[in-house]
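Reader: Please show me the sequence and the model. Then I will ask about bonds, rings and packing.

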Amino acid sequence: QVQLVESGGGLVQAGGSLRLSCAASARVFRHYYLGWFRQTPGKERQFVGNIHWDSRVTYYSDSVKDRFTISRDSTRDTMYLQMSDLQPEDTAVYYCAAVQSWGQPKDYRYWGQGTQVTVSS
């Protein structure tokens, strides 16, 4: 069973920062690739970024590149999404996701429950 638990969402003013966390079991953290997605009502889930096991490779969508940073802490079996210079268009439910093979965003199969991020102008 793949369980992912997000936390850290909340309300922030434009220009502010938030850090989201995604806790996974040790088995998932060591054998699955993890990524972040976000979704707003009425729209498809959007890829935010992902990170390779060794933490040396990360990918980001153009909309968040240079503002968001993904990292992993293997001592805590936790992935993070550090978000800075947040803008109202970043408002969404943010999801942690997992996949067994390094591939395309569409291949992610396992999802957390999501955490709401709201950015006020």
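Author: Questions and answers on this structure follow.

This is a predicted model, in which local features need pLDDT of at least 70, side-chain atom pairs count only at pLDDT 80 or more, and totals for chains, interfaces and linings use all residues. Residues are numbered from 1 along each chain as its sequence is written, and side-chain values use heavy atoms, with hydrogens and water left out.

Reader: Which residues does the disulfide join?

Author: A disulfide here is a pair of cysteine sulfur atoms within 2.5 Å. The structure holds one. Its S to S distance is 1.9 Å, and it joins Cys-22 to Cys-96.

Reader: How many residues apart are Cys-22 and Cys-96?

Author: Helices (H or I, at least four residues) and strands (E, at least two) are DSSP runs, numbered from the N terminus. Cys-22 sits in strand 3 (residues 18-24) and Cys-96 in strand 9 (residues 92-99).

Reader: Are Cys-22 and Cys-96 buried or exposed?

Author: Buried means under 20% relative accessible area, exposed over 50%, and partly exposed in between (1.4 Å probe, protein chains only). The link of these two cysteines is left-handed, with -65° about the S-S bond. Both Cys-22 and Cys-96 are buried.

Reader: What kind of aromatic pair do Tyr-32 and Tyr-110 form?

Author: Rings of Phe, Tyr and Trp (its six-membered ring) pair if their centres lie within 6.5 Å; planes under 30 degrees apart count as stacked, over 60 as edge-to-face and the rest as tilted. The structure holds seven aromatic pairs. For Tyr-32 and Tyr-110, the centres are 5.8 Å apart and the planes 85° apart, so the pair is edge-to-face.

Reader: Why does the pair of Tyr-32 and Tyr-110 tie together parts that are apart in sequence?

Author: Tyr-32 is buried at 5% relative accessibility, whereas Tyr-110 is partly exposed at 26%. Tyr-32 lies in the loop between helix 1 (26-31) and strand 4 (33-39). Tyr-110 lies in strand 10 (residues 110-111), so the pair ties together parts that are apart by 78 residues in sequence.

Reader: Which rings have Arg-45 over the face?

Author: A charge sits over a ring if NZ of Lys or CZ of Arg is within 6 Å of the ring centre and within 35 degrees of the ring normal. Ring pairs link Phe-37, Phe-47, Tyr-95, Tyr-108 and Trp-111 into a cluster. Arg-45 lies 4.1 Å from one ring centre and 4.3 Å from another. The rings are those of Tyr-95 and Trp-111.

Reader: Which residues does Ser-61 touch, not counting those up to four places away in sequence?

Author: Ser-61 lies in the loop between strand 6 (58-60) and strand 7 (68-73). Ser-61 is buried, with a relative accessible area of 11%. With contact meaning heavy atoms within 4.5 Å, Ser-61 touches Phe-47 and Val-48.

Reader: Which residues touch the most other members of the largest nonpolar core?

Author: A nonpolar core is a set of buried Ala, Val, Leu, Ile, Met, Phe, Trp, Tyr and Cys residues joined through side-chain atoms within 4.5 Å. The largest holds 28 residues. Those that touch the most other members are Leu-4, Trp-36, Phe-68, Met-79, Leu-81, Met-83 and Tyr-94.

Reader: How many residues make up the second, separate core?

Author: This core includes Tyr-33, Phe-37, Val-99 and Tyr-108. The count of its residues is six.
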